[in-house]
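These comments follow the order in which I would check the model. Please read them with the structure open.

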Amino acid sequence: MQMAKLAPEVYKAVVALEIASKKGLDPALVELVKIRASQLNHCAFCLDMHSKDALAAGESIERIVMLGAWEESRHFYTEKELAAIELTEAVTVLTDGFVPDEVYEKAAGHFEEAELAQLIAVIATINVWNRIGVTTRMVPGHYTPGQYKI
């Protein structure tokens, strides 16, 4: 299914949300967040896209690979990145119905309030894309960095 053609207004709205959500955030951090959420949501298309975008932006293969086991490989990431990754997990997997206070407070300690709002928006947006990608069976492996110019 091609959402952009079948639901163009929805697609444009999510693209606009994507653009707005990233403003003021470190692009490398944004890619780490998108990769981690995509791992949790099993979105192969988004994993392919954001791993390639991260590599094109200079991220290391090692840090991308270790995201799947970040708790055991904390030394690869800064405390700020760890707080963002942990918040990404808590927002993506709402198993208990809420984001734990300690996770939110840790992130709030590393991000200015406006920056934290942007981070939450990035996490929410990648979750929207993941759900579209998984549901519509988007096929990974064909993406080239910069292809969508978002």
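1. K106 comes out as partly exposed, at 34% relative accessibility. Here buried means under 20% relative accessible area, exposed over 50%, and partly exposed in between, with a 1.4 Å probe and protein chains only. This is a predicted model, in which local features need pLDDT of at least 70 and side-chain atom pairs count only at pLDDT 80 or more, while totals for chains, interfaces and linings use all residues. Residues are numbered from 1 along each chain as its sequence is written, and side-chain values use heavy atoms, with hydrogens and water left out.

2. The partner of K106 is E86, and their side chains meet in a salt bridge of 2.8 Å, N to O. A salt bridge is a side-chain nitrogen of Lys or Arg within 4 Å of a carboxyl oxygen of Asp or Glu. E86 lies in helix α6 and K106 in helix α7 (residues 101-110), so the contact ties together parts 20 residues apart in sequence. Helices (H or I, at least four residues) and strands (E, at least two) are DSSP runs, numbered from the N terminus. E86 is buried, with a relative accessible area of 18%.

3. Shared partners in salt bridges join E18, K22 and K34 into one network. Within it, E18 and K22 are paired with closest N and O atoms 3.9 Å apart. Both residues belong to helix α2 (residues 8-22), four residues apart, or about one turn of the helix. E18 is buried at 5% relative accessible area, whereas K22 is partly exposed at 23%.

4. What links E89 to R36? A salt bridge does, with the closest N and O atoms 2.8 Å apart. Because E89 sits in helix α6 (residues 79-92) and R36 in helix α3 (residues 27-40), the pair ties together parts that are 53 residues apart in sequence. R36 counts as buried, at 9% relative accessibility. The salt bridge count comes to nine by the rule used here.

5. H75 is found in the loop between α5 (61-66) and α6. The residue is exposed, with a relative accessible area of 66%. Its C-alpha atom is separated by 26 Å from that of A121, which is 46 residues apart from H75 along the chain.

6. How many disulfides does the structure hold? The number is zero, a disulfide being a pair of cysteine sulfur atoms within 2.5 Å. The pair to check is C43 and C46: for C43 the closest cysteine sulfur is that of C46, at 3.3 Å, which is too far for a bond. C43 is buried at 1% relative accessibility, and C46 is buried at 5% relative accessible area.

7. On a 1 Å grid over the protein atoms alone, a cavity is a set of points where a 1.4 Å probe fits but cannot get out; a pocket is an open set with protein on both sides within 12 Å along at least five of seven lines, and lining residues have an atom within 4 Å of a point.

8. Residues lining the second largest pocket include W70, E86, E89, F98 and V103. Helix α6 gives the most to this lining, with three residues. The lining divides into seven nonpolar, one polar and four charged residues. Ala, Val, Leu, Ile, Met, Phe, Trp, Tyr, Cys and Pro count as nonpolar, Asp, Glu, Lys and Arg as charged, and the others, Gly among them, as polar.
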